[in-house]
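The following exercises ask the reader to work from single residues towards the whole chain. Each task is followed by a solution in steps.

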Amino acid sequence: EHSMESFLSLFDPHQDDGFDEEPEINGNSSGGGSSSSDYETDANANDCRLGNLAPTERGNLIFDFERGMLPPEPQLGNVEYKLKLVNPSKQRFEHLVTQMKWRLREGNGEAIYEIGVSDAGYLQGLSDKDMNASLTTLKQMAHHLGASTSVLRRKTIASRRAVAEVLVRKIPDDQHNIEVRVAVLGGADAGKSTLLGVLTQDELDNGHGRARLNMFRHMHEIQSGRTSCISHETLGFDALGNVVNYKYNEMMTAEEISDRSSKLVTFMDLAGHRRYMRTTVQALSGYSPHYAMLVVSAGSGCNETTEEHLAIVRALDMPFFILVTKTDITSPDVKVQELCNLLTTIGCRKVPFVVTNTDEAISAGSNQVSENIVPIFCVSNVTGTGLNLVTKFLYVLSPGISNAEKDRLEQESCVFQVDEIFRVTDVGPVVGGLLVQGVLTENMPMKIGPLPDGSFHPVNVNTIHRNKAPCRVVRAGQSASLSFSLDQDLPTLRSGMVLLGDIGNGVDEPYGTYFFQAKVSVLFHATAIYVGFQTTVHIGSIRQTAVIRGIMGGERLGTNDCASVMFQFVGHPEYVRPGMRILFREGTSKGIGVVSQVFPVNKTGTK
């Protein structure tokens with residue numbers, strides 16, 4: 001009977017078929033667009049008081065139902081507004097599926113649908129019957145694409161009408177889960193390792209550091225309670241948003257978590273102590289995580305290390321969020337105010353967003369891409385306060401790279417940065433790192449280098465592992481570990497080397513370089529930098545001492561000065577390309593820049 005009504009409605013020009021059609025270019029609307037646009041006009045008349053949102057709030061696109069309205073629907077990105085999705089015609093359904101496919105591509109496998117909201121952002125709401133029918137249609141659309149849906153929140157507004165926010169997730173065909181990399185930063189006693197222990201093991205801390213023991217990799221770390229190397233931890237979510245790590249049994253391996261998850265958050269627990277700052281900077285520069293999580297203790301607050309980490313994250317232009325821990329010991333209010341002041345300073349210009357409930361956590365997660373917002377969470381690893389909000393936030397956080405950019409990177413030839421080197425019994429050397437561009441498959445001929453003379457050595461990739469599980473393909477932006485066939489002779493490996501696709505033409509033979517020129521900006525230096533200044537340079541996974549050999553247009557550089565500078569590596573040649581981002585530091589001095597020109601060894605023949 002219901003389908004008969006919808007069939008008859010096709011012949012009735014005044015029947016609303018339940019869609020908020022976008023007006024077409026010539027001003028005509030197909031289907032029931034006319035009635036829904038009348039509906040929107042009325043809503044505009046009633047809600048004109050809501051149009052006076054502060055421009056900054058609109059600019060940041062905060063999707064928060066509590067405000068009474070949302071910003072107008074963004075054209076790009078992975079958020080879609082739908083007024084109603086009731087009984088669409090076959091043609092309309094196909095159009096909706098195509099639209100969903102596009103939104104999923106924009107969000108790298110994740111899209112957020114706001115149901116009961118007009119394109120202008122007015123919360124018009126739907127009756128229970130229409131809402132349930134709309135959610136069913138959305139589920140069918142997702143099913144059509146092999147995606148899953150989960151309702152993030154549902155809110156009742158005036159006169160028993162409801163609006164809903166739904167997460168649609170489709171795992172790309174070549175990988176069995178969506179991966180988001182999060183770097184964990186903060187001072188030595190902020191509680192980073194404990195926090196990760198609690199998040200990934202679901203076992204609260206006893207106040208004496210029991211939860212962090214699982215995170216340590218070296219004996220001296222267990223004895224001193226300090227992390228010195230990079231430890232990787234994973235948090236897996238299933239399609240409904242439940243944490244997989246402790247759902248099935250207590251001791252799940254990383255491979256089991258990876259297999260059962262539709263989304264993986266990989267944490268890189270970086271060292272907080274100043275002594276290990278170079279390891280921390282190398283990981284941030286080399287692994288290029290999608291987000292940084294800055295952990296601050298409610299007791300000690302922002303120390304020098306925290307401010308140093310904040311400066312480096314900002315220099316690398318990485319979106320970040322903040323967790324204030326140990327709130328069971330001290331009230332976090334003073335520290336939160338301190339952080340807000342720090343974030344809104346002239347040099348930083350970020351918008352702090354203190355998250356206190358699930359709605360705000362979801363808003364923060366789905367808007368992190370606008371990058372001006374810095375969500376702040378207050379948590380306790382002992383009582384568990386606030387940890388559920390962090391988990392919810394991580395569940396909706398998307399990798400945040402547009403699909404056009406991803407496609408462009410995949411078309412390029414292979415470049416894999418080597419960050420870590422292991423020796424595995426019966427396998428030989430294994431290299432871990434990040435595929436910056438291209439697509440890497442098993443048994444692919446590659447070249448590794450540069451060797452001390454600047455040349456590259458041909459190798460074959462034997463096996464590939466991602467998240468401690470074997471896989472066949474790695475795509476641009478994914479981290480992986482690679483092994484090589486045992487019968488080939490390998491040069492001495494070191495971090496900072498690259499693996500390049502072996503194109504086979506002798507014309508564009510890759511070569512290492514000692515000298516390179518970069519346009520740099522000095523963030524801070526106590527005195528002035530002159531020619532001959534030695535500094536540690538980070539370019540991707542490269543970390544080496546370099547000497548400044550020339551400063552164009554002047555003889556010195558001070559804080560906030562910009563110039564084109566010639567650097568020379570001290571130890572061995574590295575593979576550097578124009579356009580790569582450079583970060584250099586020495587003690588408290590810091591500078592950033594972009595490589596503008598390189599002078600390969602085979603072209604110059606000099607060291």
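**Exercise 1.** Determine whether T327 is buried or exposed, and state where T327 lies.

*Solution.* Step 1: the relative accessibility of T327 is 18%. Step 2: buried means under 20% relative accessible area, exposed over 50%, and partly exposed in between (1.4 Å probe, protein chains only). T327 therefore counts as buried. Step 3: T327 belongs to the loop between β9 (320–325) and α11 (333–343); helices (H or I, at least four residues) and strands (E, at least two) are DSSP runs, numbered from the N terminus. Step 4: when neighbours within four places in sequence are left aside, T327 is in contact with A298, P332, C378, V379 and S380, where contact means heavy atoms within 4.5 Å.

The model is predicted: local features need pLDDT of at least 70 and side-chain atom pairs count only at pLDDT 80 or more, whereas totals for chains, interfaces and linings use all residues. Residues are numbered from 1 along each chain as its sequence is written, and side-chain values use heavy atoms, with hydrogens and water left out.

**Exercise 2.** Classify K82 as buried or exposed, and find which side chain K82 makes a polar contact with.

*Solution.* Step 1: K82 is part of strand β1. Step 2: its relative accessibility is 1%, so K82 counts as buried. Step 3: the side chain of K82 makes a polar contact with the side chain of E80, at 3.0 Å. A polar contact is a pair of N or O atoms within 3.5 Å; within protein, one must be able to donate a hydrogen and the other to accept it, and residues adjacent in sequence count only if both atoms are side-chain atoms.

**Exercise 3.** Describe the open sheet that contains β1, and state which strands stand at its edges.

*Solution.* Step 1: the order of the four strands is β1-β2-β4-β3, with mixed pairing; two strands pair if DSSP finds at least two bridges between them. Step 2: β1 (79–82) and β3 (148–157) each have a single partner strand, so one side of each is left without a neighbour in the sheet. Step 3: β1 pairs with β2 (residues 110–115) in the parallel sense over four bridges, and V79 stands opposite I112 in β2. Step 4: helix α13 lies across β2, β3 and β4, at about 120 degrees to β3. Axes are lines fitted to C-alpha atoms, for helices over the stretch in contact, and angles run from 0 to 180 degrees between N-to-C directions.

**Exercise 4.** State which strands β24 pairs with, and in which sense.

*Solution.* Step 1: β23 (residues 534–539) and β24 (residues 542–551) pair in the antiparallel sense over six bridges. Step 2: β24 and β26 (residues 562–569) also pair in the antiparallel sense, over five bridges. Step 3: seven of the ten residues of β24 are buried.
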